[in-house]
Amino acid sequence: MKLMTTTAALMLIATGAIAQNDCVTGKTLEDGKLTIATGNPAYYPWVMDDAPESKQGFEAAVAYAVANEMGFSDDQVVWVRSSFDQAIQPGAKDFDFNLQQYSITEERDEIVDFSEPYYSAAMAVLTRQPVVDGGAEASVASLQGLIWGADANTTAVPILNEVVQPDKEPLLYGENIDVVEAMKANQIDAALFDLPTALYLSAVVLEDGVILGQFPADRSESPDEFGLLMEEGNPLKSCVDAAINALKASGELAAIEAQWLSETTGVPVIK
Amino acid sequence: MVAGGSTLAVLIALFILIPLAPGWPAVKKSFFNGAVFAKTFPGLLDAFLLDVAIFAWSAPLIFFLGLLIALARDAHSPALYPVRLFGIVFTDVFRGVPVILVIYLVGFGVPGLGLPRPWNSPYIWGTVALVLTYSAYVAEVFRTGIESVHQSQRSAAASLGLSNADTMRYVVLPQAVRRVVPANMNLFIALQKDVALLSFIGPVEIFRQAGVYKSLMANFTPYVGAALIFLAITIPATRYADHLMARERRAKS
C-alpha cells in the first residue's frame, strides 16, 4: 500500500514536472503561461481568419505544437499582437516569442534572438495575366525587364537586388496590400513575396493574379528561413530550439507544413 | 557667461545621466549604432536626392496653383462667383484632408482608372497630390497677403484708370507676395518633410530607404541618419525664414 502511495506521489510529481517542463520554469513572462505574438492582422495561410487561438493556419499550428512540446497545454497559450517595429524596439518585450514570417538574417540576429528555423521560404514572383500575355517568362533575363515592386519590410528587397537585378529601380511599399494596389494600377509589373503569401495574394486578393515562378528555398544566394523572434538573450531560446528540433525529428513539423502549405508544390522554378 | 555655464551643466547632465539608464546599452545599439550608421548613410544620402528632386519640381507648381486659387477666391464680380466658389471648395477640401490620404487616393486611385504608362507613374500622381494639398495652404497665405493690401490702394489705382486685372497685377500682388514670403517659407519647409510621404505609394526616397535598412538590420539607426539629413536642410532654411521675418518687421516699423 505504502509503495503504491509513494509511486502515485512520484507519478504526480513527475506529471507535474512535465506540465511545467523543467526547461521553461521561470523563463516565461508569466509562470505557467506562454505569451506568443503574431502580426496584426495575421494573414492566410499563416493564420486563418486572423484568429490564431483557433490553431488554424501554418504559424498558428506551429505555435501550438511548440507550446505543447515545451509542456504547455493549449489553454496556457496567450496571444498578443505586435508590429515588426514593436518586435525589434529595444527594451522589455510583451511576448515570449513572436512569429510572423520573420526571416533570419545575421544583422537582425545582433538585435534580437531567433529560434531554429521552422520554415524555409521559397520566393515567388507574383504578376498579372496581362504581363504574362505580354511575354514575361520564368527566366531571370525576362524578369529583369519588368518594373518591380516589393514590401519594403521583407527580405524580398535584397533578393530582388541581388538575384533579379532589375533594369529599373524597384518601387517599395509598406504593406502587401499596397503592393497589390500598385499592381492593379499597373504601376508595377511584378512583385516578390514568399511563396505562400504570393499564392494567397494571387488566389484571393488579385483578380487576374498569376504566380510566374519561384526561386526555390534552397537557393545558394540569400536563403530565406523563418524563425521565432525573441528578445536578445532570452533564456527561453534553448527550450524553444529543443522543441523545434524535436518537432523536426518526429516529422510533426513536416506534417503541419504539408497540411497548410501543400499548394506550394508545382510552381515552376525560375532559371 | 551664466548662459554658457547653465548650458554646459545641462549638457553634462544629459551625457552622464542618460547612459546611466539601465536600458541605455540596448537603446544605443538600436538607435545610435556606429557600424550601421556608416553602412547606411551613403545610401540614405543617395535616396535623399529623390526628395530634393520631388521638392524641386513640386514647389513652383504649388506656387503658381496657390496663387491662382487665391486669385479665384478674390474674384468679386457676381459673374465670377463659380470661380470663387471653386476656390473656396478647393481650399476647404485639400486643407481639411490629411496629406497621406490625398496621396493614397490620388496616387493609387487615379492610375487605377486605367491610364497607360508612363502617365500612371506614382511620381506624377504623388506630385499631383502634394501640389493639390500644399497649394490649398499656399493659397490661404496669399489670400491673407492680398487682403493685407489696403482697400484705398485699389481705389487709388482705379482712379488712375487701371483695370481690375492691372490693379491686381501691378499694385496688389507685388506687395502681397512680398509680405507673405516668410509664411510661405515655413510651408515649403513643411513640404520638404512631407515629400517623404510619397514613399507610401512606391518611390524609394530617404524615408523608405531608411525603412528598408531598418527592416533588414532590425535597427533604427538609419532613421536617425535620415533625421540628421533632414535637419541639415531644414535648420538653415528655418533660419533663413526667421531672417526674412525679422527684415519684414524692421521694414514695417
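This briefing describes the predicted model shown above, topic by topic.

The model is predicted, and local features are given where pLDDT is at least 70, side-chain atom pairs count only at pLDDT 80 or more, and totals for chains, interfaces and linings use all residues. Residues are numbered from 1 along each chain as its sequence is written, while chains are lettered from A and ligands numbered from 1 in the order in which they are written. The model scores ipTM 0.79 and pTM 0.82.

**Confidence**

- Chain A has a mean pLDDT of 86, with 90% of its residues at 70 or more, where pLDDT is the predictor's confidence in each residue, from 0 to 100.
- Residues 10–18 of chain A have a pLDDT below 50, and beyond near neighbours in sequence this stretch has two contacts in the model; two residues are in contact if their C-beta atoms, placed from the backbone, lie within 7 Å.
- Where pLDDT is low, the predicted coordinates should not be read in detail.
- For chain B the average pLDDT is 90, and 100% of the residues score at least 70.

**Domains of chain A**

- Chain A is divided into domain 1 (2–118 + 227–259) and domain 2 (122–215), with bounds that come from an automatic or database domain assignment.
- The centres of domain 1 and domain 2 of chain A, taken over C-alpha atoms, are separated by 32 Å, and the contact takes seven residues from domain 1 of chain A and six residues from domain 2 of chain A.
- On the side of domain 1 of chain A that touches domain 2 of chain A, four residues are nonpolar, three are polar and none is charged; Ala, Val, Leu, Ile, Met, Phe, Trp, Tyr, Cys and Pro count as nonpolar, Asp, Glu, Lys and Arg as charged, and the others, Gly among them, as polar.

- Strand β1 (residues 34–38) of chain A pairs with strand β2 (residues 77–81) of chain A in the parallel sense over five bridges; strands pair if DSSP finds at least two bridges between them, and helices (H or I, at least four residues) and strands (E, at least two) are DSSP runs, numbered from the N terminus.
- A:T35 has A:V78 of β2(A) as its bridge partner, and the chain crosses from β1(A) through helix α2 (residues 58–69) of chain A to β2(A) in a right-handed β-α-β crossover, a term used if, with the strands pointing away from the viewer, the path from the first strand over the helix to the second runs clockwise.
- The loop between β1 and α2 of chain A holds A:P41, and the peptide bond from A:N40 to A:P41 is cis, with omega near 0 degrees.
- A:P45 has its place in the loop between β1 and α2 of chain A, and a cis peptide bond with omega of about -5 degrees joins A:Y44 and A:P45.
- A:D49, in the loop between β1 and α2 of chain A, has a positive phi of about 55 degrees although it is not a glycine.

**The five-stranded sheet of chain A**

- Five strands of chain A form an open sheet with mixed pairing, in the order β8-β7-β9-β6-β10, and the edge strands β8 (171–173) and β10 (209–215) of chain A each pair on one side only.
- Strand β6 (residues 123–128) of chain A pairs with β10(A) in the antiparallel sense over six bridges, and A:V125 has A:G213 as its bridge partner in β10(A).

**Contact between the chains**

- In the contact between the chains, 24 residues of chain B meet 27 residues of chain A.
- Elements giving two or more residues to the side of chain B that touches chain A are α2 (24–31), α5 (99–112) and α10 (206–217) of chain B, and α10(B) gives the most, with six residues.
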